[in-house]
Amino acid sequence: MTRPLVAIRSVSKNFGEFQALNRVSLDVWAGEVLCLIGASGSGKTTLLRCINQLTSIDSGGIWLDGELLGVREEGGRLHRLTERQIARQRLKTGMVFQRFNLFPHKTALENITEGPVQVQGRKQEDARAEAMELLGRVGLAAKADAYPSQLSGGQQQRVAIARALAMKPMLMLFDEPTSASIPNWSARCSPS
Ligand SMILES: Nc1ncnc2c1ncn2[C@@H]1O[C@H](COP(=O)(O)OP(=O)(O)OP(=O)(O)O)[C@@H](O)[C@H]1O
Ligand SMILES: [Mg+2]
């Protein structure tokens, strides 16, 4: 492999006068697990949101699998992509949010099948079978029919992880993943 899966170059983000990100650069390689550790308010969530294009960056660039995110270069100038093009790029990343954002009126299983069926057009029965397998992987096979309000915080996060994995993203972003301690789940943290 000759290029990183994610290349972040000199990314800055201001909220009004406040600078949340100041020329951040880093690479993440395929198969690598990179942990960002920093004080509350130091910009961890903001950086993940920039990678997932939920927050726009002010300067710098982010490349995913060699593709520049959010903009395209033509004739030496940058043009912003359409919402549709951005949505297509966003499908390559899965994000587990700090607050897990499960659909409250859907069961664990329905939360996981929603994206594959509605967005990717997968068959309901295939999506269900895969969702059950993912629930098993996060140790929650017995909770398939439970609603988020019936699950603990860590269990909700595990459903959110399964939901993100169901979309088969090339990159997973976890915001504050520590509440979900998954049986037989191993993560390797590389020093940054
Ligand atoms: N939409 C916004 N408008 C204004 N300021 C914001 C906005 N989002 C984040 N900030 C500010 O940017 C800074 C970074 O926030 P961020 O959520 O990225 O921090 P964090 O490192 O994830 O913190 P925590 O560990 O508490 O989750 C904070 O000072 C926050 O108040
Ligand atoms: Mg945060």
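Predicted model: local features only at pLDDT ≥ 70, side-chain atom pairs only at ≥ 80, totals over all residues.
Select Leu26: leaving aside residues up to four places away in sequence, Leu26 touches Val6, Ala7, Ile8, Arg9, Leu34, Leu36 and Leu47. Contact means heavy atoms within 4.5 Å. Leu26 sits in strand S2, residues 18-28. Helices (H or I, at least four residues) and strands (E, at least two) are DSSP runs, numbered from the N terminus.

Residues are numbered from 1 along each chain as its sequence is written, chains are lettered from A and ligands numbered from 1 in the order in which they are written, and side-chain values use heavy atoms, without hydrogens and water.

**Next stop: H3 and H5**

Select helix H3 (108-119) and helix H5 (153-165): their axes come within 8 Å and cross at roughly 25°. Axes are lines fitted to C-alpha atoms, for helices over the stretch in contact, and angles run from 0 to 180 degrees between N-to-C directions. H3 and H5 are therefore roughly parallel. Angles under 35 degrees count as roughly parallel, over 145 as roughly antiparallel, 65 to 115 as roughly perpendicular and the rest as oblique. Show Ala108, Asn111 and Ile112 of H3 with Val159, Ala162 and Arg163 of H5; these residues make the contact. They divide into four nonpolar, one polar and one charged. Ala, Val, Leu, Ile, Met, Phe, Trp, Tyr, Cys and Pro count as nonpolar, Asp, Glu, Lys and Arg as charged, and the others, Gly among them, as polar.

Select helix H4, residues 124-137: the axes of H3 and H4 come within 9 Å and cross at roughly 130°. That makes H3 oblique to H4. On the H3 side, the residues that meet H4 include Leu109, Thr113 and Pro116; on the H4 side, Ala127, Arg128 and Met132 are among them.

**Last stop: the second largest pocket**

Select Met95, Gly115, Arg163, Ala164 and Met167, which lie nearest the centre of the second largest pocket among its 21 lining residues. Helix H2 (83-90), strand S7 (93-96), H3 and H5 each give two or more residues to the lining. H3 gives the most, with six residues. By class, the lining has twelve nonpolar, six polar and three charged residues. A pocket is an open set of points on a 1 Å grid over the protein atoms alone, where a 1.4 Å probe fits, with protein on both sides within 12 Å along at least five of seven lines; lining residues have an atom within 4 Å of a point.
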